[in-house]
Structures are given as C-alpha cells and as structure tokens.
Amino acid sequence: MRRAAAVLSAVAIALAGCAQGHHEEQMGATVSLSDQWASAASGGMTSVFGTFANSGHHDARIVSATSPVAGSVEMHEVVGDATGSKTMRPKEGGFVIPAGASHDLVPGGDHLMLMDLNAPLRPGADVEVTVVFEDGSTLPVTAQVRDFAGGNENYQPDAPQDHG
C-alpha cells in the first residue's frame, strides 16, 4: 500500500511539474518563422512575409515588432469590400498563432509592415526584425529581401482616437 501511495505521489508531482512547465513556457521560445522574406523597396514602407508556427501548448499573440531598418513596424491585414477593392490596415489585437498550429503572413493578407524605411532594401540583402509577444518574450528573425510588385491594396492608417 505504501508503495502504491509513493508511486501515485510521484506521478502527481510529475504531472504538476509538466502542467507548470507548460504554463510558464515563453511564447518566443515556442514560435518560429519559416520561409520569411521582405519585399524590396527604395524607401517608404515594405512588407515581411512568412509562416509562423507555434509548437507550444498555448496560443501565442504577437503584439509588436521592431527593425533597425524602419522607424516603426506595424502588423497589418488586408480586407476586401463589396466592390472588390482591398484595403490594408493595422491588425487590431496583433497576430495570434494557435497552439500547435501556424499563421501565414502573405501578400494580400496578414503581414508585418516596415514603416519609414531609413535606407533602401535591395534584393538579396537581409533585414532583421524582432517580434514581441504579449508575455514580453521576443523572437529575432532575418528575412531575405526579394523583388515583389505588391498586392495593389489601398493603405488605411489607424484613425486618431476621438475623445470628444
């Protein structure tokens, strides 16, 4: 009987440790970015694409990003309207990568937007971007710059907040 109690106790401790470990996993350690690339640009703004994969047990939310080549980095989505025109706008709430799944950044869809470029991005160069998760962890990534004409979307920046 003592042996059975000891075994059950050890199993309970091991399971508690696993549950605690899953709860404390940092999002930046469970998410990766593959097939990443950035669109070439002579100035202004450009996009970064790729596929985020989350090997963790909890959803991971990207809330911001930075890059040394840009004044700011925004998370954008592209939405269509009834007339078929597409509008690119900041993605409210960031990007969520579901646990055990992936989230694509693609032309004409979700993407990271490098704003206010401080130098041209030429094909073949690399661009560094660091994504920041809601738990404060980060994921540094490098994307190769490629020629790409763009998705012919209109840009709709965040509207100023009206507190009137």
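Q: What makes strand 2 and strand 8 count as paired?
A: In this predicted model, three bridges join strand 2 to strand 8, and the two run antiparallel. Two strands pair if there are at least two bridges between them, so three bridges are enough for strand 2 and strand 8. Within this pairing, threonine 46 stands opposite leucine 114 in strand 8.

Q: How do you know that strand 2 also pairs with strand 7?
A: Strand 2 and strand 7, which covers residues 102–105, have four bridges between them. Pairing needs at least two bridges, so the four bridges of strand 2 and strand 7 meet the condition. Their sense is antiparallel. Threonine 51 has aspartate 104 in strand 7 as its bridge partner.

Q: What makes strand 1 a partner of strand 2?
A: Six bridges link strand 1 and strand 2 in the antiparallel sense. The condition is at least two bridges, and therefore strand 1 and strand 2 are paired. The bridge partner of tryptophan 37 is phenylalanine 49 in strand 2. Strand 1 and strand 2 form a hairpin, with six residues between them. In the turn, glycine 44 has a positive phi of about 80°.

Q: Why is strand 2 described as largely enclosed by the rest of the structure?
A: Strand 2 covers residues 46–54, and seven of its nine residues are buried, so the strand is largely enclosed.

Q: Why is serine 39 called buried?
A: Serine 39 has a relative accessible area of 7%. Buried means under 20%, so serine 39 is buried. Serine 39 is found in strand 1.

Q: With which residues is serine 39 in contact, leaving aside its neighbours within four places in sequence?
A: Serine 39 is in contact with Thr46, Ser47, Leu121, Val145, Arg146 and Phe148. Contact here means heavy atoms within 4.5 Å.

Q: Why does aspartate 35 count as exposed?
A: The relative accessibility of aspartate 35 is 61%. Exposed means over 50%, so aspartate 35 counts as exposed. Aspartate 35 lies in strand 1, residues 31–39.

Q: What is the phi of aspartate 35?
A: Aspartate 35 has a positive phi of about 55°, although it is not a glycine.

Q: How do you know that aspartate 116 is exposed?
A: Aspartate 116 has a relative accessible area of 56%. The cut-off for exposed is over 50%, and therefore aspartate 116 is exposed. Aspartate 116 belongs to strand 8, residues 111–117. Although not a glycine, aspartate 116 has a positive phi of about 55°.

Methods. Residues are numbered from 1 along each chain as its sequence is written. This is a predicted model: local features need pLDDT of at least 70, side-chain atom pairs count only at pLDDT 80 or more; totals for chains, interfaces and linings use all residues. Side-chain values use heavy atoms; hydrogens and water are left out. Buried means under 20% relative accessible area, exposed over 50%, partly exposed in between (1.4 Å probe, protein chains only).
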